[in-house]
Amino acid sequence: MVDKVYLVTPRGFCAGVEMAIKALSWMLKIYDETIYCYHEIVHNKWIVEKFQKNNVVFVEDPAEIPNGAVVMLSAHGTSPSIESLFNKKSSLTINSVCPLVTKVHHEAKRYTDKGTQILYVGHKGHDEAIGAIGVAPENMHLVENLDDVEKLNINGNVALLAQTTLAISEWEPIMMSSKNKFENLNMPRKSDLCYATTNRQSAIQDVLNNVNTVLVVGSENSSNTKALVKMVESRNVKAYRIEDTNDLKNIKIEGNIAITAGASAPDHLVFNIIKELKPKEIVEFNHKDESEYFPLPKELRNNVKLISSFLEIFNLSEVTPEKKNGISNDRNWSATEALSSL
Ligand code: SF4
C-alpha cells in the first residue's frame with residue numbers, strides 16, 4: 001500500500017523535447033506524404049509509436065529513405081556528414097535539434113579549429129554522442145568513465161565537452177579527474193549538462209529525505225531518465241525506471257514514494273501510474289518552475305507561413321495554421337496538445 005506520492009516538479013518534457021514534438025506534428029499537418037525521421041524524434045516508446053501510427057517512419061541511415069523524401073532530424077543532433085547525406089536525397093530536411101545540443105556542436109567545431117583535442121564525456125552509441133562526435137571525429141575522444149580518462153595518451157591543448165543528459169554523479173568525477181590529468185584543461189564556462197537535466201536531478205535529490213522509493217517514468221534508451229535513476233541510487237534510495245503502468249506488476253512498492261519523469265516522457269503516463277497506485281495522499285513537490293522555450297526550426301516556420309498564406313488567398317481553409325493554434329502562437333501550444341491533435 002502506498003501512503004504518499006510526492007509528485008515532483010520539474011519533471012517530463014523539457015523545452016527541446018517540446019519543440020521537437022511540435023515540429024514533427026507540424027510536418028504531419030502540412031505534408032501529406034510519409035515523414036522520415038532520423039533517429040527517434042525523442043527517446044520515448046509511447047511517443048515514437050504515436051508518430052509511427054501517423055505516417056512517420058524512423059530511420060537510422062540516410063540510405064533507408066527514398067529519393068525526394070521529406071525528412072526531419074531528431075532533437076539529439078546530427079553530424080554534418082550525415083545531415084549532408086540526407087540533404088542530397090531528400091526534397092526537404094528540417095532539423096529539430098535542441099539548441100543546447102547545437103551549442104555543444106559549435107564548441108566542438110571551435111576547439112577543433114584551434115587545434116585543441118577534445119574529451120567528450122558521453123555514452124557510447126547514444127544518438128546525441130554519435131551526432132556530437134561526428135562534428136570532428138578525428139579530434140574527439142569519447143570517455144565514459146575514469147578508466148577511459150586514465151588510458152588517454154594525448155598531447156597539446158585539451159578541452160572537455162559533455163553529453164547534455166548525464167547524471168551529475170557521472171559528470172563530476174570525470175571532470176575532476178580530467179582537470180587533474182590535463183593542465184590548463186579548456187572547458188565551457190558552464191558545464192554542457194543542460195538546465196532540464198540538472199533541474200530534474202536537483203528536484204528529485206531534494207525530495208529524497210521524505211521517501212523510500214523513487215519511480216522514474218521514461219524509456220530504456222532515454223539517457224536523462226537513466227541519469228535520474230543513477231542519481232537516486234547514488235544516494236542509497238531505491239529507484240525504478242518504469243515505462244508505464246504495466247511495469248508496476250514487476251515491482252513491490254509501499255510507504256512514501258516520489259515520482260518523476262525523464263525529459264521525453266509524456267505526463268499522462270505519470271498520472272496513469274499514480275491512478276494505478278491509489279495512494280492515500282498526493283503531495284505536490286515543486287522544486288522550481290521552468291519557463292524555457294525554444295522556437296520551432298526557422299525553415300519549418302517559414303514553410304508553414306507560406307502554406308497558410310496560400311490557403312488564405314484561395315480561401316481553401318477556414319482555420320489556417322496561422323490562426324488559432326497557429327505557428328505564430330506556438331509558445332501557447334504545448335507538445336501534449338500537438339500529440340492529441342494527431
Ligand atoms: S534534455 Fe536538455 S539538451 Fe536534451 S532536448 Fe531537453 S533541453 Fe535539450
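Visitor: Let's start with strand 1. In which sense do strand 1 and strand 12 pair, and over how many bridges?
Guide: Strand 1, residues 2–9, pairs with strand 12 in the parallel sense, over six bridges. Keep in mind that this is a predicted model.

Visitor: Okay! Which residue is the bridge partner of Val 5 in strand 12?
Guide: That is Ile 282.

Visitor: And what is the strand order in the open sheet of five strands?
Guide: The order is 10-9-11-1-12, and the pairing is parallel. Strand 10 (238–242) and strand 12 (281–286) are the edge strands, so to speak the two ends of the row: each pairs on one side only. From one strand to the next, the twist averages 25 degrees.

Visitor: Which strands does helix 9 touch?
Guide: Helix 9, residues 223–234, packs on this sheet and touches strand 9 (213–217), strand 10 and strand 11 (255–261). The direction of helix 9 makes about 165 degrees with that of strand 10.

Visitor: What holds strands of a sheet together, in general?
Guide: Strands pair through backbone hydrogen bonds, in either a parallel or an antiparallel way.

Visitor: How many bridges link strand 2 and strand 3?
Guide: Four, in the parallel sense, with strand 2 covering residues 35–38. Tyr 38 stands opposite Val 59 in strand 3.

Visitor: Switching topic: how is the protein divided into domains?
Guide: Domain 1 is 2–13 + 195–286, domain 2 is 16–97 + 298–305 + 319–340, and domain 3 is 99–181. The C-alpha centres of domain 1 and domain 2 lie 29 Å apart. Their contact takes twelve residues from domain 1 and eleven residues from domain 2.

Visitor: What classes of residue are on the domain 1 side?
Guide: The side of domain 1 that touches domain 2 has five nonpolar, five polar and two charged residues.

Visitor: Last one, the whole protein. How many helices and strands are there?
Guide: Twelve helices and twelve strands. The radius of gyration is 21 Å, close to the 20 Å that the globule rule gives for 342 residues, so the protein is as compact as a globular protein of that length.

Visitor: And what share of the residues is buried?
Guide: Of the 342 residues, 43% count as buried.

Note on methods. Residues are numbered from 1 along each chain as its sequence is written. This is a predicted model: local features need pLDDT of at least 70, side-chain atom pairs count only at pLDDT 80 or more; totals for chains, interfaces and linings use all residues. Domain bounds come from an automatic or database domain assignment. Two residues are in contact if their C-beta atoms, placed from the backbone, lie within 7 Å. Ala, Val, Leu, Ile, Met, Phe, Trp, Tyr, Cys and Pro count as nonpolar, Asp, Glu, Lys and Arg as charged, and the others, Gly among them, as polar. Two strands pair if DSSP finds at least two bridges between them. The radius of gyration is taken over C-alpha atoms; the globule rule is 2.2 Å times the number of residues to the power 0.38. A residue is buried if 20 or more other C-beta atoms lie within 10 Å of its own, exposed if 12 or fewer, and partly exposed in between; C-beta atoms are placed from the backbone. Axes are lines fitted to C-alpha atoms, for helices over the stretch in contact, and angles run from 0 to 180 degrees between N-to-C directions.
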